[in-house]
Amino acid sequence: MAAAQSDRDPPSLLCSEFLHFSAKDTALRWLAAADLQQEVSYHLAVYVPRILCLGPSGGSSREEQREEQREDLASQLLLLAPLEWLLLGEEPASGLHLLQENNQPSPLCGHVFKVGEPTYSCRECAADPTCVLCMKCFLGSIHKEHRYRMTTSGGGGFCDCGDAEAWKKGPYCQQHRHPPTDRDAEEDPVSVLPADMVARGVSIFSILLKYAVDMLTWDQEDQLPAGLEPLKREDTYYCMLFNDEVHTYEQVIYTLQKAVNCSQKEAVSFATTVDRDGRKSVRYGDFQFCDQAKSVIVRNTSRQSKPLRVQVMHSSVVAHQCFALRALSWLGQIIQYSDGLRRVLCEVGLQRGPEGEYSSLVDKLMLNDSKMWKGARNIYHQLLMNSLLMDLKYKKIFAIQFAKNYRRLQTDFMEDDHERVVSVTSLSVQLFTVPTMARMLMVEENLMTTIIKTFVDHLRHRDLQGRFQFDRYTAQQAFKFGRVQSLIGDLKYILISRPSEWSDQLRLKFLEGLDAFLELLKCMQGMDPVVRQVGQHIEMEPEWEAAFTLQMKLTHIISMIQEWCSTDEHVLIEAYRKCLSALSHCHSGLPDGEQPISLSVAGHCVETFRYQVSQDKVSIHLPVCRLLAGLHVLLSRTEVASRFPEQLPLGELSPPLLIELPLRCLVLCAQVHAGMWRRNGFSLINQIYYYHNVKCRVEMFDKDMIMLQAGASMMDPNHFLMIVLSRFELFHIFSSADCRKRYRDTHKDVVQQNNTLMEEMLHLIIMVVGERYVSGVGQVESFDEVRREIIHQLSIRPMAHSELVKALPENGNKETGLERVIDSVASFKKPGVTGRGLYELRPEWNKHFNLYFHHFSRADQSKAEEAQRKLRRQNGEDTALPPPSPPLLCPLFGSLVNLLQCDVLLAVEGAVLQWAVEPSGGGWTESMLQRVLHLVGVALLEEEQQLESSSRDDDVTFNYTCKITRPGEAPSTSGSVLALLESLQNAPHLEVHKDMITWILKMVANIKTMRERTSSTLTVPVCPGQGPEETLRDKDKAERKRKAEMARLRREKIMAQMSEMQKHFINENKELFQQSLEELEASTSAAADNSPPSSESTCVAQVCVGPRRVGGAEHRQLVTCILCQEEQEVRGQGRAMVLAAFIQRSTVLSKNRRRNLPDPERHDPLFMNPDLSLGIHTASCGHIMHATCWQRYFEAVQLKEQRRQQRLRGHTSYDVENGEFLCPLCECLSNTVIPLLPHTHTPDYRVDHPSLEAWLKMTNQQITAIHSAHRKPSDGVAERAEPAVPDGFKVDFTPQNLFSSSVKEMITTFSMSTYKVGLKVNPNEQDQRVPVLSWSTCAYTIQSIERLLMEEDKPLFGSLPCRQDDCLSSLTRFSSACWTAAPPTTVQSHFIRLLAALVPDSRVENTLSILDIDMFHLLVYSVLSYSSVHSLDQSGQRVVDSAHLHILHLVTVAHLVQILLTSTTEEVCMDQDSSASEEEELTCRLYNTLRKHLGSVLPEVTSGWQLFRCVKAGCLPFLRATALFFHYLNSTAPPADLLVAGPGQWEALCSYLDLPSNLLQLHQNQHTLLEPLIHRWCCHPVVRQTLQVDGVIVRFPRESNRLIQLPEDYSILINQASSFTCPRSGGDKSRAPTLCLVCGSMLCSQSYCCQTEVDGEDVGACTAHTFTCGAGLGLFLRVRESQVLFVAGKTKGCFYPPPYLDDYGETDQGLKRGNPLHLCAERYRKIERLWRQHGIAEVIGHAQEANQTLVAIDWQHL
Ligand SMILES: [Zn+2]
Ligand SMILES: [Zn+2]
Ligand SMILES: [Zn+2]
Ligand SMILES: [Zn+2]
Ligand SMILES: [Zn+2]
Ligand SMILES: [Zn+2]
Ligand SMILES: [Zn+2]
């Protein structure tokens, strides 16, 4: 590498030459030259290799950036500037400006979308869903107020604002206005430009574009095109690595490290660039050097698959290719200035070259697309979009060229291994979705046929009959199949908008396209046939998905083709004819059996095939039949059939043939349900599922039903039913003479199968006669169709909007029609803080419920039945679910009703009823009966309807009632159907159906009366509401109502009696009751002891600290172990009881997120900084156990985990190795236990309380004594005078053991846990810091709870839930005792250092300034550590409480000083009236003292009122936290004023803490004593420094942290995220931008580029961020997914619903639905509260317990 470098020109030389270069002169020279092309080529040949690609790329990114800047500058100055001069003929900057000013821009926005940018589509006005707006245009458009959809772009594509064809309404936003009318739309923008500029433009553009095209399509590694060869050839090469989709990131990284000897980081960077740009040079040097790398790479990657593509390219080739890209970008920029130049470029690009038709430069680019690398493709695609697609004239010409090349481009794309977004074929969406363009391409280029034929050509797997065959299809084929599907997308684009006018040409080409399409469908007809497996289970599940994918993709196309047909009668008739002949072609191989068989039953006779679904081949794929069914309905709907019957070849296929295949398919489903196909495995089950599924059913199941209806309406109904019976293989049951007798089969399975088949068949008949909600079958509109679907979905249960959308089929525009209908049938219920909004069916629509609705699955049906019956019972109605009255049939389907009264059906009905009368024996089910009753009901409704609508009896052809009164015919001698029904009415075994039978009988009676009336008096009209049936019904209803009312009254009476008895009982046993209530309370809040303040203590002020405090130790604490249920008293010397607890590091209160995490080994935690940047939080679920019980439990958990790990490796939701477990009762995540300790005793009031001065003096003596005692053993050299020791103070005294060994052990356990978690170190009982961390968690937890209570406006006491109360209480008492587990000298020296922070002590060095100490922590630590000093005092003359009070006073004064120092920077002078209060005066006095020490550092303050207000507000949190601390430490009941929120808090607080309510008196009263202390605090050098230099000053009160503000509109976030670039890979778009909700940082998540090493492991950006921002815990919003992410540590995480809802009260996780989303403040507050309560880890734990798949996710990679 070094050799290559030394050969090169010294840069300085180059620079001087470059300095003398004049772009203007060069341009002038060129202008004068005879051959411009030659001149420019020569210039490029000279300069390009000297400017670009001069050395190795890679290395540090900063170097690379600098190199890139240099290249940019040099190319602009030396290469592009002359071209600009030449083009403009003047100074480029002014020339371009002029150009732009004279430009009349096209109204198109044309903004090209970045990956992840939000796009908007109006659901009301967009021509199709591909029409989108950019955010800017959308906000300025009328569609903002419409129903719109929001999605994120996958990159590419542009904004359609200004395209009149894309929008039905409002095509222009405010910015892109309609072009002024005076301007001729057809005006050529080129004519605006000066002619000479146009001429120069043509030549420059063609030279440069040709150069770029030549270079980008250049495939030689070592040579350049003629005219570009470098003057001096050097041995400098690049080893170029290309992208492929075969090798993984890891493989590439690993290989590169080996091949080019780079670090892992560099390899990652190479791999990232290769992935992004498609290629990257990984080595630079002489040929051999590069070739060597190449062979290593090839060797390393060729083992499993084809090797990575690597080329060794000469540096000049690479340089020219790089400049070619720059040239294209330059062209793209230049044409932005002028629409005229844009058109010039278009002209140049599309000009036919010398080689003939496909030789324009654009053709060359397109045809070489698949050979280019990604980066090159992206740049020229972008240019195409900026030029050809923005020019209306050339867009058309380009579209034609694109269509001409279509086949070749698609074929190239099949071989290309890049994604479609980087293929030129993806431009189809820009061209084909413009309706006029699509129509033109269809007519002129026969595009529809071309697409379909290309598609068919690429699906080559066929069976012998020429049908597609997807079984045994390989991954390679699957990949190809995936690619081919994009063709269907193109087809969809050109069909998506129906033509409003047809030309003859269009008809011709469409029908030609239809022919091609029918060829495609013919290949699908009958594909993947199945044969029932008997005996053995199938060996291998056949592949079925490919066929269904194809079907699913084509569904919309098939529907669209039908829609096209529906708009033109000629086309419709012609299409019908073509489809029919295609079907006959398919049928040519049909008649399976050799001889037809003849069937006869009930006096009718028919011939049919010999074919059995259970034995012969059957296929689910029948698209030709189904298309015909669809066209048939259209004929019916448009009434073409009745107007031109002669044109229709209806007789060409016999009806039995038409129904044959759909019927087989439906029978197959029935047999699968009956369990006859079990041995065929899951693939068949799946196929049946999709056949009915909403994604496929429109063009599968639904059309089969229609075909049966069409066939049945053209046949003798008896024949139809006989064929159905025969295909269901049930014919034999009814053909025998005694069919009304129960058939008996020996085999139980067979009986059961037949029963199911009977049920299925009856269901099928119900659907054939009853399903009329298809426009064309029944007289309905599509509106009615959708409404009926919704009614039936909501009959199952109330549903969310998205559930309903999922249950309805979408059309090609992704619309279901739901919104149009929903409000008319349902009412909306808003969601709460959880859950989602639901739609409920309005009661008036219940009567439209049809139990046999054809789209119900069996499960839906039974759920709906149950719900409907329940509803009717609640309303006091009968529970019959009669069929709803059906809509009228269209004429073409009119004869369907005859099925209901035909002889065969009556025979079937009679048989089933007969079986029901004699129910013993197996061959009968209630479902069968239910279906028969339903059919009878449908028939009666039909008759009633006909009677109502006809004026004379003889009009009515339908006389079902008459037929069912006739007794059975000759062989079966039993009664008529009606007689059978009457006898069944009171059958005890049919209680469930009684209501339905009653309904039927009443209907029969009603119809009889109607018939009598119409036949007797023709003049009397029939009033439906007043028939005798109605009155009968009313009567019945009234009776039911009365009964229900009586039942209600009875119930109420009983309830009243019971509650009376209860009251009595309570009164009598009042005491007993009270007691049990108390017990209940005691057991829930076991350790807390908030005994109601007794009468005396409410009078006397309650004090919680100091020698006057009231204790609470008098109560015995009894608690129950949740594991063994034994009761136990909490005693220091007893069996230890513990509380499950969870300790975590926390930054929730942090005021400085930039502070680095402390070094665990050296960190000194004795003083907490007031920024609270890292704390230790403890929480508990409040569940108590014996220590021994817990230990046993935990050991069991450990053992179980060890065994589990041996079996299957993987994580659990808790980490046993780190001491984690789940609370055995509530499964709350825990990682330690807190021991329960007894209350402290009330102090001895007889002991004197020394003054502060006396106490300080004595303490000083004690400390001196301790010091000298400590020194003695160590130095022992100098004998010094024994210091004065207070009497009774024994330095070497060993305090007695306060605790039993088990309690002690638990104290150590918890201490170690806080130590371990707090510092992230291994346990070490000897470490001096152990007790400090225990105090720290106590102080921090209290502080954070105080903040929570403040934020939520809750009273300080009495509002905490039991578990928190218990936790704080035990935590505080533990902290006060934890010093006993540490060596006393350690704790003593802590105390000495703590005190020295406030009171000068010459023996302590390096004291902190008071601005660097959190006073509450200092207070807690001092109070808790003082016990170790006090324990040495054996005089009995002093109580520990005096010291507490003095420490409190001292710390409070220090805090006041701290507040005054930090709170007065800005002066808000609001002069109160002159008479200042005492408080204000004292505040001013103290402040002036401070100013005396610090001088001008502190501003002058005139308003004492202002200062005092600051002090009071600043001090409040401290006082509140202190009150909590002493409350829990001393178990003093809180005063009543603090149990409620309200005024008087301050006074109550001060008195509870034994402080003067004017806090300043603390200072005033001890003025002389405190003065030197204050002086020393102020003179600490750090104080001055902090105040002068604007460092991080923490001000008081510290504001509570909130999660960041989120915008109301979610798309704002998406937009932000889309412009976010990865911070590591130089301006690259981030794939998973993720927002930290704590600090607002945007991160590049889930990506290699931003992985960081944390503790020796690579983690993703989110996890890495949690360690700096949240001490290992994080809350994020994944913007693309609209999902909240919680992570804790490296292995734990879960997703959480985002706080954004759509108008239907639903979240959209994954942003799939695209409804506009808005911030739900309540939900966001809920997340915030979770965070502040330190509840995130627990939420994760619960989520992982509930959903094991969450455990397996590699959270650390996010
Ligand atoms: Zn736009
Ligand atoms: Zn616009
Ligand atoms: Zn709109
Ligand atoms: Zn126990
Ligand atoms: Zn628990
Ligand atoms: Zn953050
Ligand atoms: Zn990144």
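**Close-up 1. The site of the zinc ion (ligand 6) is tetrahedral, with angles of 104 to 116° among its four donor atoms.** Four donors count as tetrahedral if all angles lie between 85 and 135 degrees, and the ideal angle for four tetrahedral donors is 109.5 degrees. This is a predicted model, in which local features need pLDDT of at least 70 and side-chain atom pairs count only at pLDDT 80 or more, while totals for chains, interfaces and linings use all residues. Residues are numbered from 1 along each chain as its sequence is written, chains are lettered from A and ligands numbered from 1 in the order in which they are written, and side-chain values use heavy atoms, with hydrogens and water left out. The ion is coordinated at 2.0 to 2.3 Å by Cys 1636 (SG), Cys 1639 (SG), His 1665 (NE2) and Cys 1669 (SG), where donors are N, O and S atoms within 2.8 Å of the metal (3.2 Å for Na, K and Ca). Along the sequence these donor residues are spaced C-x2-C-x25-H-x3-C. Cys 1636 belongs to strand β17 (residues 1633–1636) and His 1665 to helix α59 (residues 1661–1669), so the pair ties together parts that are 29 residues apart in sequence; helices (H or I, at least four residues) and strands (E, at least two) are DSSP runs, numbered from the N terminus. Cys 1636 and His 1665 are both buried, a term that stands for under 20% relative accessible area, with exposed meaning over 50% and partly exposed in between (1.4 Å probe, protein chains only).

**Close-up 2. The zinc ion (ligand 4) is coordinated by Cys 1121 (SG), Cys 1124 (SG), His 1186 (ND1) and Cys 1189 (SG), at 2.1 to 2.4 Å.** The spacing of these donors along the chain is C-x2-C-x61-H-x2-C. Distant parts of the chain are linked by the pair of Cys 1121, in the loop between β10 (1118–1120) and β11 (1127–1129), and His 1186, in strand β13 (residues 1175–1186), which are 65 residues apart. Both Cys 1121 and His 1186 are buried, and the site is tetrahedral, with angles of 94 to 118° among its four donor atoms.

**Close-up 3. Three strands form an open sheet in the order β13-β12-β16, with antiparallel pairing.** Strands β13 and β16 (1232–1235) are the edge strands, each pairing on one side only, where two strands pair if DSSP finds at least two bridges between them. From one strand to the next, the twist averages 40°. Strand β12 (residues 1137–1146) is joined to the antiparallel β16 by four bridges, and the bridge partner of Leu 1139 in β16 is Ile 1234. Helix α47 (residues 1330–1351) packs on the sheet and touches β12 and β13, contact meaning heavy atoms within 4.5 Å. The direction of α47 makes about 95° with that of β13; axes are lines fitted to C-alpha atoms, for helices over the stretch in contact, and angles run from 0 to 180 degrees between N-to-C directions.

Close-up 4. Asn 446 is in the loop between α18 (435–445) and α19 (447–458), and counts as buried at 14% relative accessibility. Lys 1320 is in the loop between α46 (1301–1319) and α47, and counts as partly exposed at 44% relative accessibility.

**Close-up 5. The peptide bond from Phe 1596 to Pro 1597 is cis, with omega near -5°.** Pro 1597 is located in the loop between α57 (1581–1588) and α58 (1610–1618).

Terms used: Four donors count as tetrahedral if all angles lie between 85 and 135 degrees; four count as square planar and six as octahedral if opposite donors are over 155 degrees apart and all others between 65 and 115; anything else is irregular.
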